[in-house]
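Here are a few friendly notes to read alongside the model. Please have the coordinates open as you go through them.

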Amino acid sequence: MKVKLHVWRQNGPNDKGTMETYEVPNVSSDQSFLEMLDDVNLALAKDGRDVIAFDHDCREGICGMCSQVINGVPHGGQERTTVCQLHMREFEDGAEIFVEPWKARAFPVIKDLVVDRGALEKIMQAGGYTSCHTGGVADGNALPIGKDIADYSMDAAECIGCGACVASCPNSSAMLYTGAKVAQLAVLPQGKVEAHKRVMAMTEAAKEQGFGNCTNHYECQASCPKGVNVKFIAKLNREYMKALCK
Amino acid sequence: MQLTQSSVGRKIIMAVTGIVLVAFVCVHLLGNSSVFVGANAINAYAEKLHSLGPFVWVFRLVMLAAFAIHIIFGIQLTLENRAATPERNVQIKRLKTGFGAETMIVSGLVLLAFVIYHLLHFTVRVTNPDIYVPLGDQGMVDVYVMVVKGFKSALPVILYLVGMSFLFLHVSHGFQSLFQTLGLSNDKSLPVMETVSKLVGVVLLVGYISIPLLVVFGLIKI
Amino acid sequence: MILDGKCPTGPIETSWDRHRFETKLVNPANKRKYKVLCVGTGLAGGAAAASLGELGYNVHAFCYQDSARRAHSIAAQGGINAAKNYPNDGDSIYRLFYDTIKGGDFRAREADVWRLAQVSNNIIDQCVAQGVPFARDYAGYLDNRSFGGAQVSRTFYARGQTGQQLLLGAYSALSRQIKAGTVTLHERREMLDLVVVDGVARGITCRNMVTGEIESHWGDAVILATGGYVNVFYLSTNAMGCSVTATWKAAKKGAYMANPCYTQIHPTCIPQHGEHQSKLTLMSESLRNDGRCWVPKKVEDCEKPASDIADADRDYYLERKYPSFGNLAPRDIASRAAKEQCDDNRGVGPGKRGVYLDFADSIKRLGEDTIRERYGNLFEMYEKITAENGYKQPMRIYPAPHYAMGGLWVDYNCMSNVPGLFVLGEANFSVHGANRLGASALMQGLADGYFVIPYTIAGYLATVKPGQIKDDHAEFKKSAEEVKADIDKMLSINGTKTPSELHRELGKVMWEDVGMARSKESLEHALKRIPEIREEFWNNVKVVGTNEQFNQELENAGRLADFIEFAEILTKDALNREESCGGHFRTEHQTEDGEAMRNDEDFCYVAAWEFKGAGVEPELHKEPLKFENVKLAVRSYK
């Protein structure tokens, strides 16, 4: 099959950026989307032209490195699928495909499809942890944790930190990312201790980093490659109100 | 400070004032529906309200405050949210959100304009001074006559239809949204609340526009 | 030279405790004066940086990804072992120690493995305290499953994402230290040289992958936790960015590379679909509990759909060859058997490099629902990649390079032969011997990072004066210039082949000649081809773009250059080791029925190679392995 790509090319955060078109012949339907881009880059490199920069690493849908808006949807809109797990058989022969980077004030473009997601790190650093020391902790079984609670916590912990929630949000809000971590820790006895401080610090950091406010569009859940549920944002709101009352 | 400056805090303010406003439109609709019973019913209702005296003013001030806060924070949050995405993708495909959710600021501002018009129309009585007929000797107005006469011309009817359509849009997203914001939803209740939210919007829309429409079609008449 | 691993002597049960007591400490007030560089932020590096930062050292951490959370530890699915004995099924530190030594085919150091087994219990406690949502039973206690052929249930897990959750735990601890200011994280940095002054590691040179700036960082100690090197085979289950570069640069500065020929080939991966493929995807080994491996008996049947092949015409080769273990034969055995069938031209699927993993019998016996319940997510993943329904037709699998047991040589303190250079996790060679057991990689990474290095690094730092040599030293300048010169050279060649094309060529040679089965002949063939590829690289590579930009082609070229040099030493090690053990199988050394034949007489040692220059014969140093607590025995799976 063959496809026509429209790819965002931008040579740094201060460059204007533009869409460029590439005809891609000989695409195998078994190829992953990134392997198809590899082929485009191979042809560009052979030609001595600047290759398309895109973030990728594990290529098995868990590292959260890949970050492309494909045809207007982060990760391409296949349910629970990252770009690296998206395969060309999902596209029709001759399809036109638009490939763009995450776009948000908090995510400046580094080059082409690569953005700087350092703002997400700052949210985590503000409180996405329990302040336990290495060593000197209680036995793992000292505090029983109900299976339902452990499962709830794990559901929240599935977040891979890719930033699709921000990219899909009309407000560029990072509330699903923040909520997932707040919720994961807030239900566990180990995380409850600092729950109030954590929710305040993390939501404040999200604001400082220039993310927008959540207005409940729920686009984040729809485009999340791990299907992280917006109930964790509700949980964050609940935790926030509890913290306010303190 | 947290409440009025933070991201989640202001959301909560939006939700709480939203509750006040949505409660008001529901109660207002209930009151208005006395017009279906007849002239005496709605005039009695109006008289009852007037008899509350200073409480009416307390109520009005509370409403005004909720309304103002809702609008001010709404505008502020919207501006922030727009600034958070200075440049958008060339292609944007939304998977979940709807027209109502994406146009909250538009529907909100239209509703503000509508409320101003509505107050001028029926409360301050400046747009159509010819519709007011005195009732009794205590300075009361015949509300029933006012409503019927008020919807005799095309412009107010159209404006009310438009205004209430935006109310539908606004409430159909806003109602479920406040449950999420106040942390009252989960994965099971959220889809239900989304449907309920649309239903509330429809009920308000149908309830409110039925009055001008019934007047237009002559089913409510003097 | 005979190397000394500096293992504590005396009873092994108390060896680590005694060693900790005997190791020097650094005065708490002085710790902040010591600057420690930690390269890599996976389980080992992330845990080390966080723990050392918390102790008060001035830590600088480096990773090539945009976040510390993305290291490839994140991809581990199965679980993490610990000798907790929660299920009361007879586990103990000794049993975990014994299983690991035996699983490694008696090619690991006893003392290191004992320590690993001992601290395994602390790891679970630590992770629980961090909020890692391990699977729990209905009473709220930690759940265990059995794994990798162990006879006890000692594997802790968090769904199919154990590696991810453990890494996020370490990452959260690291984030806390970054916030506290004790750790400075340098993202998108690739270490391109180790700076050694008078034989002591004093810092690193790295490239800022966004701006291209060549940066010098000094440190009183350098920790490498940079993972494994199986991307030398081009196609592997590793992440695209995994490379040998950091450890190889250290090797070029004098650190010894130990047992590089010990590579693990995992049997249950999704086969390659075509020439365009960039990486291979692993599916949990647990599939072999209910799936039967087979290939057609007749070559002409290979093109037919599986359903058209009668049962009598199917060769259930694992069941045939290993009647008692059958489809549950260990990784190395199962991988080699699959390769044999395909070499016999009886493979299936594109390129005929695949064997069937058939669930039809299990579905008949247990019902599709039960199979779905057990492996649903794996069937989904398989379908996403191959567009085939594993319930309706047999899956196709093929072995793929997965893990490197070899790595930089370290002593008991995790310090290499270059003083001040510490190596943790997959990057070192220490505990897995010639073969790693399932659920042990996560255990090692966290053990090294949380519970070994914080003690052992103090023993070294207590002997050096902090900040003695800083980045204004001439060696730093020299190193930066050399790095820059290499980059300029690669950019200036402007040949005809891209790094990915050459990497593919190297991978083909390595996979075919130095892969699952190796012979003197194949290894010598590889040793002829690798220098040719090296020559071609330095004369005909085409690297577009400049250094002063975000340039992934340049990154790949640099990594490939190191893989090529390293491949030669890996092959030489394989040629030198005239025995078969664990992941290293020499066809000359097998029993009559094709089993690995170890040679304890001549090869019961760690082979540590000293690099002497590209194309120059490396020097072999040996560290003899002594087994005082475990008896050397033959592994049999018949």
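1. Contact here means heavy atoms within 4.5 Å. On that basis, 74 residues of chain C are in contact with 76 residues of chain A. This is a predicted model, where local features need pLDDT of at least 70, side-chain atom pairs count only at pLDDT 80 or more, and totals for chains, interfaces and linings use all residues. Residues are numbered from 1 along each chain as its sequence is written, chains are lettered from A in the order in which they are written, and side-chain values use heavy atoms, with hydrogens and water left out.

2. Between them, chain C and chain A bury about 6,200 Å² (accessible area, 1.4 Å probe, lost on being put together and summed over both), and 51% of this lies on carbon and sulfur atoms. C:R70, C:R159 and C:K384 supply 11% of the area that chain C buries against chain A, more than any other three residues.

3. Seven salt bridges (a side-chain nitrogen of Lys or Arg within 4 Å of a carboxyl oxygen of Asp or Glu) are counted between chain C and chain A. For one to look at, A:D139 and C:K84 meet through their side chains in a salt bridge at 3.0 Å, N to O.

4. Which helix (a DSSP run of H or I, at least four residues) gives the largest share of the side of chain C that touches chain A? That is α6(C), with nine residues. The residues of this side divide into 28 nonpolar, 26 polar and 20 charged, with Ala, Val, Leu, Ile, Met, Phe, Trp, Tyr, Cys and Pro counted as nonpolar, Asp, Glu, Lys and Arg as charged, and the others, Gly among them, as polar.

Methods. Buried area = accessible area lost by both parts, 1.4 Å probe. Helix = DSSP H or I, 4+ residues; strand = E, 2+ residues; numbered from the N terminus.
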